[in-house]
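Morning, everyone. I have one structure to walk through today. Please have a look at it before I start.

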Amino acid sequence: MSALFTEAFLTSLILGALTAGLPLLLAGLGEQISEKAGVLNIGIEGMMLIGAYVGFLIAYETGSIWLGFLGGGVGGMAVALLMAIFCVRLGLSQIVIGIALTLGAEGLTALLHHFQFAQSYPRLPAVETLAIPGLSSIPAIGPALFNRPPIVYLAILAVPFVAYVFRSTQLGLALQAAGDKPAALDAAGVDVVRVRTFAVLTTGFLAGIGGAFMAEVGAGIFIPFMTNGAGFIGIVLAMLARGKPLWVLLGALLFGACLSITTALQVAGVDIPTDVIQMLPFAAVLAILVLFGRRASLPPALGLHYVRGAR
Amino acid sequence: MTDSVQIGGDAVLTPRTEALRARLRLVAMALVPVVGALVLSGLVLLALGVNPLAYYSYVVERGLLSPYGVQATLTRMAPLLLIASGLIVAFRAGIWNLGGDGQFLLSAVVVAALAPLLIHVLPDWATLVVCLVVGAAVGAAWSVLPALLKAYQGVNEIITTLMMTFLGVSFANVLVKLAFRDPATTVPQTRTLAVADRLPRLFDTTISSGLLIGLAAIILVHLVMTRTAFGLKLRIVGANPRAAIHAGLPVPALTVAVFAISAALSGLGGAVEILGVQGNVRADWNPAYSLTVVPLVFLARFNGFASIAFVFLFSVLSIGGESAARRTGVPNFFTLVVVAILLVMLGITEYLDQRRRAAGK
């Protein structure tokens with residue numbers, strides 16, 4: 001067991017937690033914005049998958065990782081636009097459309113991948129990292145935390161930014177009201193549909209970047225169905241974080257550690273079947289729900305369509 | 001209709017023609033999205049450089065018109081019908097059991113491990129009966145946690161059932177690879193139930209008698225939900241849980257019951273798939289039937305008979321699509337796209353219908 005405490009193990013565990021956790025962070029943060037505004041976004045898995053595909057494709061064709069992230073974000077946003085039209089404008093069931101978008105994205109990306117790459121799986125070159133001077137030379141933690149691709153720093157900076165928006169801006173107030181008491185928001189002269197549409201589109205953008213990160217940085221390759229439930233973990237993170245972005249970050253790192261512990265254990269020479277390890281994050285979610293289930297809070301108007309003037 | 005009367009230009013219809021019209025409207029509202037989805041999916045094929053007409057006709061020919069195809073289609077329906085009946089119970093009671101895939105797969109794995117052992121001890125029919133019961137029990141057991149959390153803690157069951165599904169799929173793999181592995185094979189899979197020992201086939205065909213179990217289940221569920229006091233209670237819980245509490249219904253107990261019935265039917269689907277078709281479970285096998293049946297049940301508006309029709313349509317698409325994947329190079333993922341577009345089309349049709357009715361009144 002002494003191998004568990006080596007520097008290599010620690011570095012690979014932190015690195016893995018960060019790499020696997022970042023898409024969860026972006027998905028969870030996005031979902032939190034939607035949920036705050038009263039839209040339960042079950043389609044987030046589909047948004048991530050489209051983001052992963054488009055992000056990979058653009059990065060592969062143009063050679064620019066940044067264009068890839070942008071494309072992934074816009075791809076996720078395109079799926080979110082469908083969600084906004086059907087659920088926010090037309091008031092169709094958020095669960096039905098969410099499932100439809102996830103299934104459709106799964107099928108479409110697998111289909112496109114098949115026709116485009118046939119059975120070959122092209123790879124992206126490793127993403128360049130940005131070492132933060134000083135911090136990156138701390139042993140074990142330094143190379144894992146402070147020598148990462150710039151997008152990682154941006155995503156983490158998004159956490160305090162979103163927290164600030166929630167807490168101290170008009171927009172944050174409007175989002176909160178759209179989920180808690182849409183009628184009151186309406187009475188105050190703010191268009192509920194517009195606020196919710198904005199929230200859903202932002203969710204799509206963040207989830208899309210999260211998916212693109214999985215394909216471009218995490219794997220360096222697009223594989224059909226590669227999100228494998230990450231979007232759903234994002235939903236749980238958002239629920240458990242009760243509107244606090246910082247908790248989404250902590251949860252994402254925890255789940256990232258669960259997801260990536262296989263690699264770290266292999267580095268340490270411990271042999272546990274991967275299927276057992278894969279159960280960890282989901283078992284962790286359930287354990288947390290059993291312990292704190294009652295405290296997982298959702299806005300009162302979540303999942304309900306708002307019709308102006310209707311009661 | 002000869003018995004309708006015209007007064008002042010407005011058609012006054014007798015109750016009978018009114019009912020007929022209502023029924024026709026329902027049929028039309030189901031058909032319009034189907035046709036629309038097939039057209040839109042055809043455009044997707046066109047964009048991918050595949051002739052949609054050729055693809056569809058191949059699917060129909062292979063899934064519906066060839067003797068082998070139609071038998072495979074009907075056999076495929078068996079587990080789907082059981083899953084659909086489980087979903088109808090849950091959805092009508094307002095409970096989102098999205099964990100069908102975990103319940104299905106775990107039950108399949110346990111049954112696949114059990115059946116080849118039991119067959120040496122018990123007579124054939126007893127093995128099958130025991131395995132069906134065990135399959136249902138395993139499915140139900142996998143819903144206990146979400147059921148209790150929902151009933152007594154109010155935890156959103158969409159999340160818990162989805163988590164249980166991911167957990168169940170991995171757990172099923174662990175079981176296949178570590179506990180129930182057939183030592184005689186190199187690929188990780190369970191022992192195989194001999195073809196002769198499986199669920200009997202119907203008449204002289206290859207159709208599994210699981211089809212009858214599936215049909216019986218979905219019709220029974222439909223009648224229970226629409227015609228009995230128990231069904232009415234569940235529907236009240238689904239329509240308005242708060243009102244149900246005021247009406248004195250034991251909502252937590254009913255919630256647990258709904259989960260148990262719904263998951264048991266999904267589990268039964270897994271058992272039927274193993275006992276009737278597969279005979280064993282290979283590692284990493286996950287057909288993910290449940291999440292694809294969810295849209296079909298919605299499309300049928302939770303109606304059992306309409307669900308049979310949509311499950312049939314989906315079976316034709318998926319069996320025909322499997323052949324077409326080999327022939328035309330369009331992979332099976334395409335069916336997912338069709339189902340997704342179908343769902344969206346359904347939503348739009350419903351919305352337009354509501355608006356039309358609102359405008360008419």
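One caution before the details. This is a predicted model.

Start with the contact between chain B and chain A. How many residues does each chain give? Chain B gives 44 residues and chain A gives 42 residues. Together the two chains bury about 3,800 Å². Of that area, 86% is on carbon and sulfur atoms. Now the polar side. Between chain B and chain A there is one residue pair in polar contact, with both residues at pLDDT 80 or more. Salt bridges between chain B and chain A number zero.

Which elements of chain B make up that side? Those giving two or more residues are α6 (144–153), α7 (157–179), α12 (289–299) and α14 (334–360) of chain B. The largest share comes from α7(B), with 14 residues. By residue type, the side of chain B that touches chain A has 35 nonpolar residues, eight polar and one charged.

On to the aromatic rings. Over all chains, the structure holds 16 aromatic pairs. Take Phe282(A) and Phe166(B). Why is this pair called stacked? The ring planes of Phe282(A) and Phe166(B) are at 15 degrees, and under 30 counts as stacked. Their centres are 4.7 Å apart. This pair crosses between chains. Phe282(A) sits in helix α12 (residues 274–292) of chain A, and Phe166(B) in helix α7 of chain B. Both Phe282(A) and Phe166(B) are buried.

Next, a pair within chain B. Phe91(B) and Phe302(B) are tilted, at 5.7 Å centre to centre with 50 degrees between the planes. The two are 211 residues apart. Phe91(B) belongs to helix α3 (residues 67–92) of chain B. Phe302(B) is in the loop between α12 and α13 (304–328) of chain B. Phe91(B) and Phe302(B) are both buried. They also belong to a cluster: ring pairs link Phe91(B), Trp96(B), Phe298(B) and Phe302(B).

Now the histidine. His222(B) is in helix α8 (residues 210–227) of chain B. Is His222(B) buried or exposed? His222(B) has a relative accessible area of 8%, so it is buried. What does the side chain of His222(B) reach? It reaches the backbone nitrogen of Gly304(B), at 2.9 Å. Leaving aside residues up to four places away in sequence, His222(B) touches Arg92(B), Asn303(B), Gly304(B) and Phe305(B).

Glu322(B) pairs with Arg76(B), with the closest N and O atoms 3.2 Å apart. Glu322(B) lies in helix α13 of chain B and Arg76(B) in helix α3 of chain B, 246 residues apart. Glu322(B) is partly exposed at 28% relative accessible area. Arg76(B) is at 15%, so it counts as buried.

Lys150(B) pairs with Glu157(B), and their closest N and O atoms are 3.2 Å apart. Lys150(B) is partly exposed at 28%, while Glu157(B) is buried at 2%.

Lys177(B) pairs with Asp284(B), with the closest N and O atoms 3.7 Å apart. Lys177(B) is in helix α7 of chain B and Asp284(B) in the loop between α11 (251–278) and α12 of chain B, so the pair ties together parts 107 residues apart in sequence. Lys177(B) is partly exposed at 24%. Asp284(B) is exposed at 53%.

That's the tour. Thank you.

Conventions
Residues are numbered from 1 along each chain as its sequence is written. Chains are lettered from A and ligands numbered from 1 in the order in which they are written. This is a predicted model: local features need pLDDT of at least 70, side-chain atom pairs count only at pLDDT 80 or more; totals for chains, interfaces and linings use all residues. Side-chain values use heavy atoms; hydrogens and water are left out. Contact means heavy atoms within 4.5 Å. Buried area is the accessible area (1.4 Å probe) that two parts lose on being put together, summed over both. A salt bridge is a side-chain nitrogen of Lys or Arg within 4 Å of a carboxyl oxygen of Asp or Glu. A polar contact is a pair of N or O atoms within 3.5 Å; within protein, one must be able to donate a hydrogen and the other to accept it, and residues adjacent in sequence count only if both atoms are side-chain atoms. Helices (H or I, at least four residues) and strands (E, at least two) are DSSP runs, numbered from the N terminus. Ala, Val, Leu, Ile, Met, Phe, Trp, Tyr, Cys and Pro count as nonpolar, Asp, Glu, Lys and Arg as charged, and the others, Gly among them, as polar. Rings of Phe, Tyr and Trp (its six-membered ring) pair if their centres lie within 6.5 Å; planes under 30 degrees apart count as stacked, over 60 as edge-to-face and the rest as tilted. Buried means under 20% relative accessible area, exposed over 50%, partly exposed in between (1.4 Å probe, protein chains only).
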